[in-house]
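Student: I have a structure open and want to learn how to read it. Can we go through it step by step?

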Amino acid sequence: MSETIILRIENLHTFFYARSKQAFVRAVEGVDLEIMQGETLGVLGESGSGKTITALSVMGLVSTEPGVISGKIEFSSKGLQQNLLQDLDQYVQHQRKNGRIMAVQKDCGGWQRKTERLMGDIRGKEIAMIFQNPQSSLNPFVTVGKQITEAVQLNTEIKNSREAQQRALHWLERVKIDSPRLRYHNHPYGLSGGMCQRVMIAMALAAEPSLLIADEPTTGLDATIQAKVVELLMELKAVLNTTTMLISHDMEVIGRLSDRVAVMYGGRVMESGSVQEILRSKDGSNHPYTTALLGCIPEEKHIKDKITLQAIEGDVIDTMNIPGGCRFYPRCNQKNDRINQSCKEHEPALKEISPGHWVRCWLYYDE
Amino acid sequence: MTGMKQYAQASLMVTDPSSRSMWKQAAAIDLLYVGYGLFIVSLVVLSYILGSLNFLPHNPQEMDLSLLMAPPGVAGHLLGTDFMGRDILSRLIVGIQAYFVPGLLAIAIAITLGTVFGVLAGYRGGGVETAVLYLGNLVDSFPRLVLILLVIAAFKPDIYYIMIIVGLTNVPNVLSQVKGKINFLKQKNFIEAAVALGLKNRVIIFKHILWYNCRSLFIIQATLGMAEVILIETSLSYLGFGVQEPIPSWGNMVQSGANYLLQGKFWLSTTPALAILFTILGFHLLGDGLNNILEGRRST
Amino acid sequence: MKMKKTILEVVNLKKYYHQGRGPFSLGRGRQRTIPAVDDVSFYLKENETLGLVGESGSGKTTVGKTILRLIPATSGEIFFDGKEILSLSAGEFHPLRKDMQMVFQDLDAGLNPKMRVQAILKEAVRVHHQMSSPEVDDRIRTLLEQVNLKESKLGNFPHELSGGEKRRVGIARALAVGARFLVADEPTSGLDVSIQAQVVNLLKDLQDRLGLSYLFISHDLRMVELVSHKVAVMYLGRIVELGLAGHIAHAPRHPYTRSLWSSLVTKESREVSAPTSPGSSGDWGVFDFERSFSGCRFAPRCPVYQEQARPDICTDPVSEPQLYDVGRAHKVACHFPLS
């Protein structure tokens, strides 16, 4: 694996404004992520963690206002190097209080036009995305083969329709759709959910993107089908070595497919590191949130000895009312007297506790 | 700076959403709509009461042949007189009589029958639903104006006959909306859950479906229905089939006044026309604003 | 150990849907019969949980709804507390609704969007019981405490609640009538991982405290294994395997059960990130009811059928495998059960 960084997200802020509540939805508040060439980064989080919004911000697809308001998204591949949020400052002004953005002025229209210009050559070609609900993401009136062919013609050098068609068939075969020549002429409604997801994957890969963003690719599929999709993604990863940002709430999926994992909570990365360190940690040196999440999954010991699950107390974070201090503090079960004060008042920075393993928790600060 | 959108200070205070009333959450524009609409509605109701108590500045039928087509303000006629020297203001106020009760009748017919058939179709489903929907489509496919003219030709140009037809032709509209609401609740497994709990059908229908989930729909239908009634009477009057002289209605006032427009006597038809405009606007804005507030279109 | 009473027994339950032509449709479209539930039998002991697993379209939800008479059954018998309930008239069945309730998959089910939580619970408490206002308030307070919901939520509308809170209100509503038996239809689906654990813990806690019995319908195999005493595996309307939870998970006899559980990746196998053995998860695609089948309905996807070089008995129309006892309270419907 080379050490080239393909995508570096720095201090990304993406907010929405809830008119009825007169408050900001702090969907993403200070996310830092890095994706290396050829690796799969698993982004793990519950609802409200901001994982999907981070991905949409990268794609420039956040249309709700005010949207992306601060941060850097550096994308580099094939000699192309660009900050996808370049000149953002020109359109946005914000005021901070205690280090957090409290008021925003943004020329949303101007920024949107600018993004469209900037992303036109990148979206779909350099960065492709697979969405949840494959059936609703495909055009129901066009055969799946035609849709892939169009993706090929639009996003690659192949413009000749016969060649593009060959290419589409090749991709249908690649994602292991049986009898691809027959399926080529099927409409999405004639295919099962698993098949549609394969078609989506084929469409995304047909552009031969430098970065693939897969947003909950297995959610909503039956267990046996999920396993098949995960297997397919694993095979594709081995063969094509695609750089992937895999977003999921499913620890199994993340655990099987990722090289590195970032755990998000309330719009921020709480922990990141190799998959071994995070999901299979032996010494338990994790962020309390990660530890607690792992405790929510039933395992052999729970079933055999009838132990109750260690549920995380409280509710999923309300992104309109993110507490000052550590955002996990209200639900944390590892708070102690030594750090209580710090937890309540200040949010810790990410700290590298072992090479490549970053944790955002006061437990790992010595005072 | 131009083009900048200002976002208010984000509140970090923990606020209990239930403490905020429905009204506060509504956007100011909706309140403006509803405020204007309510003002118009109260004017209409007031006019109706004044008219039925005969509490008017002048006798609407009294002709003053010395003051034909007097401009507004002359000799105590605040809005002037018409081509027969009758006081326009008084005729405007009395004119509402032509719509008020017949309009309510049309609305009542539409809502009652629409609800009955909507519940039948939505709640029972199956063959009943198919039959009701076919019937609704049948009614919908009749051009309404033709139907009204047929009835007028067969009987007489009576506003009540017209309004019964208007009410009947509105039934499919209400029906489909009630059915839509029921389908929505069904989709959310609401009705199944209510049955599982042991609630009686009549409780589910009257309390949960009609009272809680359809009442806003009824209010909106009523306001929009009233506006429609006025419009239809106006078009019919213009064709000469509406309320017949000498009983005043806004429609026949516009129609008779229009003959004198070219002579420069614009107030004869403009005054009732403006009354129609502002009243319909009022009802529509009221319906629209109520819709947004009650159904929460803007607050999400 | 004292023998537990059987609270629910389902005998040869069938539910066929007739997908027919509309009254005015033209053409030669023939009427199809879809066996959503096909000859299902099982029983449930008091204060125990029976897990019902299967993929979407396997008919597990239909079984639950038929038991509560939300869907009329085509044939079969259901005994609740020893009393046959399918033959009862609606009026005779009504009082039984206070004993059996359902937790719906849809978080919003039963929560009238225009009513506050307080009104929703008040209504549920009063459906089957005549109570004075202070008694109702008392009861609501007890319910809130049982499902671990803050009293401040009483004034909220359903859309102001989070998913976990809606689920708790749904459970409270089912308990409000005094139910002893709950059909829990995918109670954890659509919830976050941390909330799923809360809900499962709550259901187990309520079972211990109130002696409830559950029919736990889920596609989450781990959760089913965790909460259930016995598990029934359904495939296309039929129970293909039935046994103690541990046996089903770790010593499955039906190829379908094995492929279901092997689609799960245990924490141990997560370490060796090797793909599961080919063929273990069965073939691709979902079964469509339109294709007629003969014999075993799992045969088209069955790895054993392939291994055994497609024996005729599996597709013989007259010998669809029936559930039979293989010992240790374990039943399987397969011609070639795994050992």
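Student: Let me start in chain A. How many bridges join β1(A) to strand β4 of chain A, and do they run parallel or antiparallel?

Tutor: Keep in mind that this is a predicted model. Eight bridges join β1(A) to β4(A), residues 66-77, and the two strands run antiparallel. One bridge to look up is that of A:F16, whose partner in β4(A) is A:P66.

Student: Which strand pairs with β1(A) over 10 bridges?

Tutor: That is β2(A), residues 23-36. Strand β1(A) covers residues 5-18, and the pairing is again in the antiparallel sense.

Student: How many salt bridges does the structure hold over all chains?

Tutor: There are 41. One of them joins the side chains of A:E29 and A:R100, at 3.1 Å from N to O.

Student: Why does that pair tie together parts that are apart in sequence?

Tutor: Check where each residue sits. A:E29 lies in β2(A) and A:R100 in β7(A), residues 100-106, so the pair links parts that are 71 residues apart in sequence.

Student: Now chain C. What is the order of its eight-stranded sheet?

Tutor: Read it as β6-β7-β8-β3-β9-β10-β12-β11. This sheet of chain C is open too, and its pairing is mixed. The edge strands are β6 (100-103) and β11 (324-325) of chain C.

Student: Do β3 and β9 of chain C run parallel or antiparallel?

Tutor: They run parallel, joined by four bridges. Strand β3(C) spans residues 49-53 and β9(C) spans 230-235. Among the partners, C:L52 meets C:A232 in β9(C).

Student: Which strands does helix α1 of chain C touch as it packs on the sheet?

Tutor: Helix α1(C), residues 60-67, touches β3, β6, β7, β8 and β9 of chain C. Its direction makes about 150 degrees with that of β8(C). Helix α9(C) also packs on the sheet, touching β3, β9 and β10 of chain C.

Student: How do I read the size of an interface?

Tutor: The size is often given as the accessible area lost when the parts come together. Here, chain C and chain A bury about 3800 Å² between them, 56% of it on carbon and sulfur atoms. The contact takes 36 residues from chain C and 42 residues from chain A.

Student: Which salt bridge crosses the interface of chain C and chain A?

Tutor: The rule finds one. C:R222 pairs with A:E252, the closest N and O atoms being 3.2 Å apart.

Student: Which element gives the most to the side of chain C that touches chain A?

Tutor: That is α6(C), with seven residues. The residues of that side divide into 12 nonpolar, 14 polar and 10 charged.

Notes
Residues are numbered from 1 along each chain as its sequence is written. Chains are lettered from A and ligands numbered from 1 in the order in which they are written. This is a predicted model: local features need pLDDT of at least 70, side-chain atom pairs count only at pLDDT 80 or more; totals for chains, interfaces and linings use all residues. Side-chain values use heavy atoms; hydrogens and water are left out. Contact means heavy atoms within 4.5 Å. Buried area is the accessible area (1.4 Å probe) that two parts lose on being put together, summed over both. A salt bridge is a side-chain nitrogen of Lys or Arg within 4 Å of a carboxyl oxygen of Asp or Glu. Ala, Val, Leu, Ile, Met, Phe, Trp, Tyr, Cys and Pro count as nonpolar, Asp, Glu, Lys and Arg as charged, and the others, Gly among them, as polar. Two strands pair if DSSP finds at least two bridges between them. Axes are lines fitted to C-alpha atoms, for helices over the stretch in contact, and angles run from 0 to 180 degrees between N-to-C directions.
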